[in-house]
Amino acid sequence: MPETQSAVGTDSIAAAAARLREAAATGIPAAPVRDLIGPDDVQAAYAVQLRLTAERIEAGATVVGRKIGLTSVAVQEQLGVDQPDFGILFDDMEYADGAVVPAGAVLQPRIEAEIAFVLGADLAEGPLDAAQVREAVDHAVAAIEICGSRVADWDISFGDTVADNASAGGYVLGTQRVPLTEFDPVAAEMTMTVDGETVSTGSGAACLGDPVNAVVWLARQARELGAPLRAGQVILSGALGPMRPVLPGAAVHATVTGLGTVSVTFSE
């Protein structure tokens with residue numbers, strides 16, 4: 001995040017948060033919030049996210065990790081930005097491998113397959129470089145991210161998605177846990193199917209050249225914001241291939257070489 005201050009006032013930030021909060025509570029997607037905070041004001045967008053995060057924690061939710069988005073250069077160019085973004089993972093967002101996601105649990109669901117890292121040590125001090133991140137990772141695991149947007153028709157700018165918790169909805173972790181001494185994230189190949197049809201393919205190199213690079217970026221941003229990454233947290237490092245929409249009843253299956261498989265089904 002840049003150090004420049006936002007020109008967006010607190011009333012506009014509060015109004016944007018209220019719009020997204022109502023969409024989440026009612027299950028009815030809302031209009032974009034860029035009319036309130038601008039399409040690319042990074043500080044304002046994260047201010048909205050921070051306000052909504054604080055409200056969820058106050059209501060009893062627990063932060064269990066982070067998700068990294070916009071790790072693809074093509075998607076960054078599409079939204080006119082030159083950096084990834086991140087959102088918060090809460091304890092009620094995880095689904096077990098093979099679980100069924102209830103209808104309406106995630107608004108306008110779309111799916112991505114990626115590599116998740118579970119930290120075995122804090123990333124709060126030191127250079128927070130790739131070597132330190134690798135040392136801090138306890139294991140990697142195949143993951144499906146269930147993206148969801150509180151913004152109608154996914155009509156999002158950078159500001160909209162950041163404010164909306166980086167369009168986070170839920171996630172599923174596989175059961176095969178592999179330390180980085182036995183797994184090369186860059187070389188990993190991903191295939192994702194919906195109802196047996198391949199809908200997305202990619203590799204670790206598609207995620208900022210190396211999914212570990214995405215975690216380096218996140219660790220530094222998190223520390224700068226005063227909420228460093230902690231041992232035990234789950235880090236969704238970014239999609240290895242294109243995001244795809246899913247319909248009710250869809251059965252999703254992803255394979256990441258070296259990490260096995262992970263699956264989830266969406267109820268009718």
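## Basis of the description

Axes are lines fitted to C-alpha atoms, for helices over the stretch in contact, with angles running from 0 to 180 degrees between N-to-C directions. Helices (H or I, at least four residues) and strands (E, at least two) are DSSP runs numbered from the N terminus.

The model is predicted, so that local features need pLDDT of at least 70 and side-chain atom pairs count only at pLDDT 80 or more, while totals for chains, interfaces and linings use all residues. Residues are numbered from 1 along each chain as its sequence is written, and side-chain values use heavy atoms, with hydrogens and water left out.

## Helix 1 against helix 3

Helix 1 (residues 10–26) and helix 3 (residues 42–58) have axes that come within 9 Å and cross at roughly 55°. That makes helix 1 oblique to helix 3, where angles under 35 degrees count as roughly parallel, over 145 as roughly antiparallel, 65 to 115 as roughly perpendicular and the rest as oblique.

The contact (heavy atoms within 4.5 Å) is made by Thr10, Ile13, Ala14, Ala16, Ala17, Leu20 and Arg21 of helix 1, together with Ala44, Ala47, Val48, Arg51, Leu52 and Glu55 of helix 3.

## Strand 8 and its partners

Strands pair if DSSP finds at least two bridges between them. Strand 8 (residues 189–194) pairs with strand 9 (residues 197–203) in the antiparallel sense over 6 bridges, and Glu189 has Ser203 of strand 9 as its bridge partner. The two strands form a hairpin with 2 residues between them, and Asp195 in the turn has a positive phi of about 55°.

Strand 8 is also joined by 5 bridges to strand 12 (residues 251–256), the two running antiparallel, with Thr193 opposite His253 of strand 12.
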